[in-house]
Amino acid sequence: MSIRENIHSLRTSLPKDVSLVAVSKFHPADNIQEAYDAGQRIFGESRAQELVLKKQSLPEDIEWHFIGQLQSNKVKDIAPFIHTIHSIDSLKLIEEVEKQAGKHGRIIRILLEIHIAREETKAGFTEEECKDLLSSIHLEDYPHVLFGGVMGMATYTENTEQIHQEFHRLKVLFDEIKSIYFTEKKGFNVLSMGMSSDYKIAISEGSNMVRIGSNIFGERI
Ligand SMILES: *Cc1c(COP(=O)(O)O)cnc(C)c1O
């Protein structure tokens, strides 16, 4: 199937309230353009340098999301245009996003990445760390940061029961955080979970944003 057909079949099969982030990392700008021409507007990239380069040759109205590990010294490169950063895993990063977004008079939406997988390798806050962080900061100190929700990745496994459980935990945490820290604040409404192999499970557990790469663009080279 072509990129165009993949985009169409995904867009018609996803529930209306679920946003699709087309993960285009490692794929050339031409492929992104093809997805764009099929109507896709939200794209996810995982390396700052690659994103900055590709962006130059692509339409202005793309909504760029950053989904990979982000070093704080790279925030300045994407701050002029990035819409959402899914991979926020430290206070240091939040402070850097505030500083750089402020310089451009922008508000950048961030998602707190939560470690839900049993694998050691995956990044993110533990549930405890996340709540401690939110208890210790004042949201008013970050006028250029929109706390938009949470992101998580399940363990890469054939065990679908385990994937269900991990996504379920994240949904429970999301609801809890929202009701404790964001009752007065608008905008905390994104539950970013689900990739090519597990997005259907994620949606059944309450995801409202899926990040899909290989199912659209084919395997990464
Ligand atoms: C690469 C990546 C994806 C997309 O993975 P696919 O399996 O290709 O759909 C989603 N989320 C994150 C954080 C990624 O790094």
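Trainee: Hi! In which sense do strands E4 and E5 pair here?

Mentor: Strand E4 (residues 84-88) pairs with strand E5 in the parallel sense, over three bridges. Two strands are said to pair if DSSP finds at least two bridges between them. Helices (H or I, at least four residues) and strands (E, at least two) are DSSP runs, numbered from the N terminus.

Trainee: What kind of model is this, and how are residues numbered?

Mentor: This is a predicted model, where local features need pLDDT of at least 70 and side-chain atom pairs count only at pLDDT 80 or more, while totals for chains, interfaces and linings use all residues. Residues are numbered from 1 along each chain as its sequence is written, and side-chain values use heavy atoms, with hydrogens and water left out.

Trainee: Thanks. Back to E5: which residue is the bridge partner of Ile-88?

Mentor: Leu-112 in E5 is the bridge partner of Ile-88.

Trainee: And is E5 mostly covered or uncovered?

Mentor: Mostly covered: E5 spans residues 108-114, and seven of its seven residues are buried. Buried means under 20% relative accessible area, exposed means over 50%, and partly exposed is in between (1.4 Å probe, protein chains only).

Trainee: Which way do those residues point?

Mentor: Ile-108, Ile-110, Leu-112 and Ile-114 point one way from E5, while Arg-109, Leu-111 and Glu-113 point the other way. Both sets are buried.

Trainee: What does Leu-112 touch?

Mentor: Leaving out residues up to four places away in sequence, Leu-112 touches Ile-88, Ile-94, Phe-125, Cys-130, Leu-133, Leu-134, Gly-149, Val-150 and Met-151. Contact means heavy atoms within 4.5 Å.

Trainee: Which residues touch the most other members of the largest nonpolar core?

Mentor: Leu-112 and Phe-147 do, in a core of 64 residues. The largest share of this core, six residues, comes from H7. A second, separate core has six residues, including Val-21, Leu-111, Met-151 and Val-190. A nonpolar core is a set of buried Ala, Val, Leu, Ile, Met, Phe, Trp, Tyr and Cys residues joined through side-chain atoms within 4.5 Å.

Trainee: New topic, rings! How many aromatic pairs are there?

Mentor: The count comes to five aromatic pairs. Rings of Phe, Tyr and Trp (its six-membered ring) pair if their centres lie within 6.5 Å; planes under 30 degrees apart count as stacked, over 60 as edge-to-face and the rest as tilted. Take Phe-147 and Phe-182: their centres are 6.1 Å apart and their planes are at 35 degrees, so the pair is tilted.

Trainee: Where do Phe-147 and Phe-182 lie?

Mentor: Phe-147 lies in strand E6 (residues 145-152) and Phe-182 in the loop between helix H7 (160-181) and strand E7 (190-193), so the pair ties together parts that are 35 residues apart in sequence. Phe-182 also forms a stacked pair with Phe-188, at 4.1 Å centre to centre and 10 degrees between the planes. Phe-182 and Phe-188 are both buried. Ring pairs link Tyr-142, Phe-147, Phe-174, Phe-182 and Phe-188 into a cluster.

Trainee: Over which ring does the charged end of Arg-41 sit?

Mentor: Over the ring of Tyr-36, 3.6 Å from its centre. Likewise, the charged end of Lys-55 sits over the ring of Phe-81, 4.9 Å from its centre. The rule asks for NZ of Lys or CZ of Arg within 6 Å of the ring centre and within 35 degrees of the ring normal.

Trainee: Which residues of helix H2 are buried?

Mentor: In H2 (residues 29-37), they are Ala-29, Asn-31, Ile-32, Ala-35 and Tyr-36. They cover an arc of only 160 degrees around the axis, which puts them on the same side of H2. The arc is taken from the directions from the helix axis to the C-beta atoms. As a general point, an α-helix has 3.6 residues a turn, so residues three or four places apart point the same way.

Trainee: What covers them?

Mentor: The cover includes helix H1 (3-13), strand E2 (42-45), helix H3 (48-56), strand E3 (63-66) and helix H9 (214-217).
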